[in-house]
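Student: I have a model to read, and I am new to it. Please take me through the features one by one.

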Amino acid sequence: MRVAANEAGIPTRLLFGGERREVGAVLDRWRIDDEWWREPISRVYFSLVLEGGAHLILYHDLVEDLWYRQSE
Amino acid sequence: MGHRVGARGARRPGAEHRGSRLALCVWWPGFELELERARDPRLVGRPLALPDTSSGTRRTIAQGCAAARARGVLPGMLLSRAIASCPSLVLCEPDPDAYDAASERILDLLRLWSPIVERAADRGRFFVGVDGFERLYGPPERQIEELLERLAGRSSWLAASVRLGYAPGKFAARVAARSAPGRAIVFPDELRSFLAEQSVGVLPVSPRMIRRLERLGIDRLDRLVEIPEQALVAQFGEDGRRALAWATGRRIDRVHPEAKERPVRVALEFPVPIGQLDMVYAALDRLLGRALERSRHRSRSVRGIKVSARLEDGGSWSIRAIIRDPTGSRDRLAKFLRSRIALEPPPRALEELRLEFFRFGPASEQGGLFAPRADAPRVDGSIETRDGDLLPALEEAGRQLRLRLGRGVLYRVLELQPGSRLPERRHALLELA
């Protein structure tokens with residue numbers, strides 16, 4: 001998934017459903033760090049509303065430095 | 001947003017699923033060798049070592065006690081060299097079965113004290129969640145006294161040789177436990193200053209990264225935290241970012257309860273000890289068949305598996321593995337175990353072979369495991385069914401839809417780890433057969 005983020009790491013724009021969409025609002029943000037003793041998991045989640053009203057949850061995988069959409 | 005249970009999940013009820021922020025690391029250094037001493041008092045005061053059996057050749061030292069280390073016996077050293085350095089060295093016959101059994105007993109004991117207990121990857125180290133214990137037992141010192149009394153009630157050795165580290169998160173608790181003999185308490189407001197004094201060797205990152213840091217003159221965490229995050233990431237990648245998060249105390253790893261599964265155990269005793277691997281594999285196939293037939297686990301796949309044996313002339317041998325892709329297939333399990341045994345074959349002939357499934361995964365993808373049971377009860381007036389059962393009408397609808405659309409469109413929601421912090425681990429969709 002392609003996501004553009006600002007300096008604070010907050011997504012501002014993304015490619016969604018084949019088209020570029022602006023992030024209208026960040027409803028929530030949280031972080032999960034786990035399993036450092038095995039295969040570390042480190043993610044920052046964002047609950048977003050896109051312009052136009054679509055709601056989705058993304059996370060930034062800090063280990064791989066990749067963005068994913070979390071299906072609900 | 002039903003799956004928002006991340007680091008800010010304190011707002012969500014059901015916090016018991018999220019583990020404990022305050023951690024107590026309970027650690028017995030040299031666990032295996034201390035157990036050997038507890039079993040045989042004649043070994044007290046003598047330098048002890050365990051040979052490494054992982055290669056099957058036993059030519060190197062796996063671990064030595066403090067007395068052995070003081071005489072130059074180090075892990076990885078050739079046995080011949082270790083004995084030359086320390087002629088009085090006693091090499092113990094490894095008995096992984098006994099060590100695992102002792103670990104289980106300690107886990108049970110700790111679970112009586114706290115519902116949140118997690119074992120570390122290395123034997124002899126456990127993490128106990130102590131959130132809320134202040135209201136039960138008072139300040140941390142009193143909590144530790146309470147635990148020590150319980151340990152002493154079971155065995156004076158347990159209480160006398162344990163090291164305890166109390167801190168926010170598992171990392172700091174682990175560091176605290178190894179920082180001083182006895183006990184070490186790190187209050188949340190002291191976390192950063194406590195970590196600052198530690199050497200970079202405490203970081204759970206690759207030894208290569210530690211060596212590079214030391215070569216760069218960064219030997220303590222207070223020096224590490226002075227380096228900008230971007231520079232660390234540029235040098236060490238994600239390990240650099242994580243190291244900084246630990247060093248600054250920003251990253252707190254909670255203690256998560258380890259679910260206690262009822263293991264499946266089967267064993268085969270041989271009238272004449274067997275030494276050939278082909279015969280071991282044949283015996284293992286029989287044991288796999290018996291274990292998989294246990295009806296209560298037919299709907300589960302196997303994630304954790306242990307093979308152990310009583311050896312001719314005493315001692316035991318075991319391998320323990322967590323399977324990345326849990327399976328209920330006998331063939332796949334057999335193949336997996338054979339490859340592991342080929343790497344770590346038993347050093348002598350076997351008198352008894354034992355197989356244990358100690359951890360289970362979701363229902364397996366293998367055919368038959370979800371086959372609806374003809375005698376399955378249904379609840380009158382509802383569509384509720386037991387796990388693994390399909391209503392005939394639903395089954396027929398799925399078949400018709402697949403025929404029409406060319407693909408399956410009906411799925412079963414399968415509960416995997418409902419308490420997991422990672423949303424995708426809680427449930428899975430499994431296409432209806």
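**Reading the model, feature by feature**

Tutor: Start with one pair: the side chains of Asp122(B) and Arg125(B) meet in a salt bridge, at 2.8 Å from N to O. The model is predicted, so local features need pLDDT of at least 70 and side-chain atom pairs count only at pLDDT 80 or more, while totals for chains, interfaces and linings use all residues. Residues are numbered from 1 along each chain as its sequence is written, chains are lettered from A and ligands numbered from 1 in the order in which they are written, and side-chain values use heavy atoms, with hydrogens and water left out.

Student: What is a salt bridge?

Tutor: Side chains of opposite charge can pair when their charged atoms come close. The rule asks for a side-chain nitrogen of Lys or Arg within 4 Å of a carboxyl oxygen of Asp or Glu.

Student: How many salt bridges does the structure hold over all chains?

Tutor: It holds 28. Take Asp33(A) and Arg31(A), whose closest N and O atoms are 2.7 Å apart. Asp33(A) counts as buried at 11% relative accessibility. Arg31(A) is partly exposed at 32%. Salt bridges can also link up: Glu269(B), Arg310(B), Glu351(B), Glu352(B) and Arg354(B) form a network.

Student: Where do Glu146(B) and Arg150(B) lie?

Tutor: Both lie in helix 6 (residues 140-154) of chain B, four residues apart, about one turn of the helix. Glu146(B) is buried at 14% relative accessibility, and Arg150(B) is partly exposed at 31%. Helices (H or I, at least four residues) and strands (E, at least two) are DSSP runs, numbered from the N terminus.

Student: Which residues of helix 10 of chain B are buried?

Tutor: In helix 10 (residues 207-215), they are Met209(B), Ile210(B) and Leu213(B). Seen down the helix axis, these buried residues fall within an arc of 100 degrees, so they line one face of the helix. That arc is taken from the directions from the helix axis to the C-beta atoms. The face turned away from the buried side carries the exposed residues Pro207(B), Arg208(B) and Arg215(B).

Student: What do the buried residues of helix 10 of chain B pack against?

Tutor: They pack against helix 11 (221-224), helix 12 (229-236) and helix 13 (238-248) of chain B. Contact here means heavy atoms within 4.5 Å. After helix 10 of chain B comes Gly217(B), with a positive phi near 85 degrees.

Student: How many disulfides are there over all chains?

Tutor: A disulfide is a covalent bond between the sulfur atoms of two cysteines. The rule wants a pair of cysteine sulfur atoms within 2.5 Å. The count is zero. For Cys86(B), the nearest cysteine sulfur is that of Cys65(B), 8.2 Å away. For Cys92(B), the nearest is also that of Cys65(B), 8.6 Å away. Cys86(B) is buried at 1% relative accessibility, and Cys92(B) is buried at 6%.

Student: What area do chain B and chain A bury between them?

Tutor: The size of an interface is often given as the accessible area lost when the parts come together. Buried area is that loss (1.4 Å probe), summed over both parts. Chain B and chain A bury about 2300 Å², 54% of it on carbon and sulfur atoms. The contact takes 24 residues from chain B and 24 residues from chain A. Between the chains, the count of salt bridges is zero.

Student: What is the secondary structure of chain A?

Tutor: It comes to zero helices and six strands. Of the 72 residues in chain A, 43% are buried.

Key. Buried < 20%, exposed > 50% of the residue type's maximum accessible area, 1.4 Å probe, protein only. Buried area = accessible area lost by both parts, 1.4 Å probe.
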